[in-house]
Structure formats: structure tokens, C-alpha cells
Number of protein chains: 2
Amino acid sequence: MANMEKEYNLSKNQQIVFDIIEKSSEPVKAYSILFNVKKKGIKAPPQVYRALEKLIKLGKIHKVESKNAFVACKSSNCEVSKATAFSICEICEKVTEIANNKLSNFLNSFEDKSGMKYKKYNLEFFGLCKKCKKT
Amino acid sequence: MANMEKEYNLSKNQQIVFDIIEKSSEPVKAYSILFNVKKKGIKAPPQVYRALEKLIKLGKIHKVESKNAFVACKSSNCEVSKATAFSICEICEKVTEIANNKLSNFLNSFEDKSGMKYKKYNLEFFGLCKKCKKT
DNA sequence: AACACTATGTAATAATATAACGTTTGAAAG
DNA sequence: CTTTCAAACGTTATATTATTACATAGTGTT
Ligand SMILES: [Zn+2]
Ligand SMILES: [Zn+2]
Ligand SMILES: [Zn+2]
Ligand SMILES: [Zn+2]
């Protein structure tokens with residue numbers, strides 16, 4: 001029986017915002033969240049943005065930068081959100097978090113000649129999903 | 001003697017916007033561009049955003065998504081801008097385009113089980129640059 | 001000239017995000 | 001239990017980023 005565990009760590013607003021994002025099958029925009037939680041008493045952008053910020057820190061959600069939208073973490077790998085990869089369909093706009101060890105190993109250990117040490121990355125792939133490729 | 005070649009393909013506004021970005025040592029924001037080109041007769045956001053859009057298509061600039069800012073392409077690899085990678089210092093905010101064959105080969109040939117074929121990607125690494133690591 | 005295509009100018013507005021302030025809450029220490 | 005402190009909250013206003021819509025002007029081709 002999945003989903004028995006509640007999210008006890010989250011504050012009220014954080015939980016409300018997280019629920020919206022988790023239930024959505026697609027990335028959710030901040031103002032779409034705001035609109036949807038008006039009925040729950042959240043009235044102003046800062047309340048949403050503060051919850052988003054915290055949820056990102058906790059690794060429970062990620063921001064899809066190219067879309068200014070937010071998705072729940074599916075990969076349980078990234079409890080602390082520091083290495084994220086997404087595939088984005090250019091037609092239907094479906095976004096999927098990529099959990100691939102070869103990819104994450106490669107990127108986590110990547111170093112270039114600049115001498116910079118990377119603690120964190122975000123990767124967004126664009127292309128056509130299976131469905132959209134067929135049409 | 002570098003930079004002899006002018007950008008004959010670019011329209012007036014495109015050239016003006018490109019010059020600003022190319023001369024800057026850091027990513028430039030759209031409204032910063034707008035402010036700086038007022039003296040050249042560009043007065044309104046759409047003029048800037050249209051130029052940016054075209055320059056991106058041409059691969060002459062890239063958008064750094066996590067910063068909503070634009071940089072000139074340094075890598076001459078990406079004439080058609082479809083595979084971009086940046087390193088971003090979390091302290092001084094310096095952004096550098098990464099040109100690394102191992103990285104681009106790996107990402108260009110990446111496939112996961114989703115069956116999605118990727119034509120394009122954007123990767124942003126975060127960390128501390130050499131300078132900021134020392135302090 | 002007629003056509004298609006790209007680029008431009010301009011006003012208005014939409015969408016995304018943060019600043020600033022004071023108050024409340026909740027856990028932990030004394 | 002009360003003091004304390006940090007986190008979370010509520011609210012107003014504002015800043016920042018981006019697009020819509022529509023009219024006009026240049027550019028090259030047939
Ligand atoms: Zn994740
Ligand atoms: Zn699709
Ligand atoms: Zn480039
Ligand atoms: Zn630095």
C-alpha cells in the first residue's frame with residue numbers, strides 16, 4: 001500500500017503546494033499553483049514561492065528551468081536536489097525526470113580543464129517522445 | 001587580426017543586441033540590454049526579445065536558463081545552437097561555456113530506456129571557480 | 001508591379017518573482 | 001512552564017521578465 005507515509009516534515013503551506021505538484025502529471029507553474037490553492041487560504045505569491053524554495057532545498061521538487069515550472073522528484077536518488085536531468089518533448093511538452101546511473105556518474109565526476117569543481121548540475125534534454133515521434 | 005569579419009547576416013537590431021552581449025564579460029539580461037540600447041533607438045522590449053530569439057536560432061548567443069541571461073557563443077562548435085553546456089560559479093556568478101568533446105560526445109549519443117531521441121540539450125554545472133575556491 | 005517574407009516600431013499587458021514588514025508558530029533550552 | 005530563537009506565515013507593494021497585437025517598412029523574387 002503505497003503512499004501511507006505522510007510528509008510530516010512539511011509545514012502547512014509546503015504540504016499544500018507539494019500536493020498540487022505531486023498530483024499533477026505535468027510541470028506546474030507558480031501562478032497556477034497560486035490559483036489552485038486560493039481555496040485553501042494561500043492568497044499571495046510569496047507564500048507559494050517560499051514553499052517552492054523550501055521544497056526545492058529538500059529535494060522534493062525540482063524546477064524545470066526552461067519552462068519556469070515545477071515537478072515532484074520521482075527519482076528518490078536526489079533527496080538533496082543537486083543533480084537533476086530531464087527529458088522534454090518539444091511537441092507535447094511532456095517532462096520526465098531521467099534516472100540513469102551512467103549519466104549521473106558521468107556528470108558527477110565530470111571535470112574540465114577550468115579547475116572548477118562541480119557540486120551540482122541541471123540537464124535538460126529536448127526531443128520527441130515515443131508518441132510524438134510516430135505522428 | 002581577429003574580428004575582421006563583420007556580421008553581415010544580422011539585421012540592424014540584431015547586430016546592436018549582439019554587440020552588447022559579445023562585449024560583455026558576463027551574461028546580460030534582456031532589460032539591461034534594453035537600457036543600454038535606448039541610445040541607439042531601440043525603445044521597447046519586443047525589439048530586444050525578437051533580436052534575442054533570432055540570435056539564439058542562429059547559435060550566436062545562448063540563454064543561460066538559470067539566470068535568464070544571455071551570453072555570446074564562444075565555442076564555434078555550436079553554430080546551430082542545440083547542445084550547450086555552462087559552468088556557473090555560485091559565488092562570483094561567472095559563467096563559462098564548456099567546450100569539451102568527451103562531454104558533448106557523451107550527451108549527444110545519450111539514450112535512455114524511454115525511447116526518446118534527443119536532438120538538443122542544455123546543461124548547467126554549478127560550483128566554485130578557481131578563484132572563489134581559494135577564499 | 002505583385003508577392004512573400006523578414007524585420008521594425010509602438011502601446012499595452014501578461015507572467016514570473018522578490019522586497020519589506022510585522023506577526024505567529026512551534027520546538028528546544030533553561 | 002516560560003523564555004528564546006528560528007522558521008514559517010500573512011500582506012501589500014513592487015520589480016523583473018516576457019508576450020500579444022497591430023500597423024508599418026524594408027528586401028528579394030517572379
Ligand atoms: Zn529528483
Ligand atoms: Zn511528445
Ligand atoms: Zn556555444
Ligand atoms: Zn567564482
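Predicted model: local features only at pLDDT ≥ 70, side-chain atom pairs only at ≥ 80, totals over all residues.

Biologist: Noted. Which residues coordinate the zinc ion (ligand 2)?

Modeller: Four cysteines, each through SG: A:Cys89, A:Cys92, A:Cys129 and A:Cys132. The distances are 2.3 to 2.4 Å.

Biologist: What's the geometry around the zinc ion (ligand 2)?

Modeller: Tetrahedral. The 4 donor atoms subtend angles of 104 to 114°. The cut-off asks for all angles between 85 and 135 degrees, so the label applies.

Biologist: How are those donors of ligand 2 spaced along the chain?

Modeller: The pattern is C-x2-C-x36-C-x2-C. A:Cys89 and A:Cys132 link distant parts of the chain, 43 residues apart. A:Cys89 is in strand β3 (residues 83-89) of chain A, while A:Cys132 is in helix α5 (residues 130-134) of chain A.

Biologist: Is A:Cys89 buried or exposed?

Modeller: Buried, with a relative accessibility of 1%. A:Cys132 is buried too, at 11%.

Biologist: Over to chain B. Which residues are the protein donors of the zinc ion (ligand 4)?

Modeller: B:Cys89, B:Cys92, B:Cys129 and B:Cys132, again by SG. They lie 2.3 to 2.4 Å from the ion. The ligand 4 site is tetrahedral, with angles of 104 to 114° among its 4 donor atoms. Its donor residues are spaced C-x2-C-x36-C-x2-C.

Biologist: And accessibility there? Is B:Cys92 buried or partly exposed?

Modeller: Partly exposed, at 41% relative accessibility. B:Cys89, on the other hand, is buried at 1%.

Biologist: Let's switch to domains. What does the assignment give for chain A?

Modeller: Domain 1 covers 12-72 and domain 2 covers 83-134. In chain A, 9 residues from domain 1 and 9 residues from domain 2 make the contact. The C-alpha centres of the two domains lie 22 Å apart.

Biologist: How much area do the two domains of chain A bury between them?

Modeller: About 680 Å². Carbon and sulfur atoms carry 58% of it.

Biologist: How many salt bridges are there between domain 1 and domain 2 of chain A?

Modeller: The count is 1 salt bridge. As for pairs in chain A, the side chains of A:Lys67 and A:Glu93 meet in a salt bridge at 3.3 Å, N to O.

Biologist: Now the two chains. How many residues of each are in contact?

Modeller: 34 residues of chain A touch 34 residues of chain B.

Biologist: What area is buried between chain A and chain B?

Modeller: About 3000 Å², and carbon and sulfur atoms give 63% of that. On the chain A side, A:Phe106, A:Met116 and A:Phe125 lose the most area to chain B. Together they make up 19% of what that side buries.

Biologist: What about charges? How many salt bridges fall between chain A and chain B?

Modeller: The count is 4 salt bridges. Over all chains, the structure holds 6 salt bridges.

Biologist: Where does the pair of B:Lys119 and A:Glu90 sit?

Modeller: Their side chains meet at 3.3 Å, N to O. B:Lys119 is in strand β5 (residues 117-128) of chain B, and A:Glu90 is in the loop between β3 and β4 (95-97) of chain A, so the pair joins two chains. B:Lys119 is partly exposed, with a relative accessible area of 47%. A:Glu90 is partly exposed as well, at 35%.

Biologist: And A:Lys119 with B:Glu90: where are those two?

Modeller: A:Lys119 lies in strand β5 (residues 117-128) of chain A, with B:Glu90 in the loop between β3 (83-89) and β4 (95-97) of chain B, so this pair joins two chains. Their salt bridge is 3.3 Å, N to O. Both ends are partly exposed: A:Lys119 has 47% relative accessibility, and B:Glu90 has 34%.

Biologist: Which lysine does B:Glu90 meet at 3.9 Å?

Modeller: A:Lys120, in a salt bridge counted N to O. That pair crosses between chains, from the loop between β3 and β4 of chain B to strand β5 of chain A. A:Lys120 is partly exposed, at 32% relative accessible area.

Biologist: Last one. Which residues are joined into one network with A:Glu90?

Modeller: B:Lys119 and B:Lys120, through salt bridges that share partners.

Notes
Residues numbered from 1 in each chain as written. Chains lettered and ligands numbered in written order. Heavy atoms only, no water. Donors = N, O, S within 2.8 Å, 3.2 Å for Na, K, Ca; no water. Tetrahedral: all angles 85-135°; square planar, octahedral: opposite > 155°, others 65-115°. Helix = DSSP H or I, 4+ residues; strand = E, 2+ residues; numbered from the N terminus. Buried < 20%, exposed > 50% of the residue type's maximum accessible area, 1.4 Å probe, protein only. Domains from an automatic or database assignment. Contact = heavy atoms within 4.5 Å. Buried area = accessible area lost by both parts, 1.4 Å probe.
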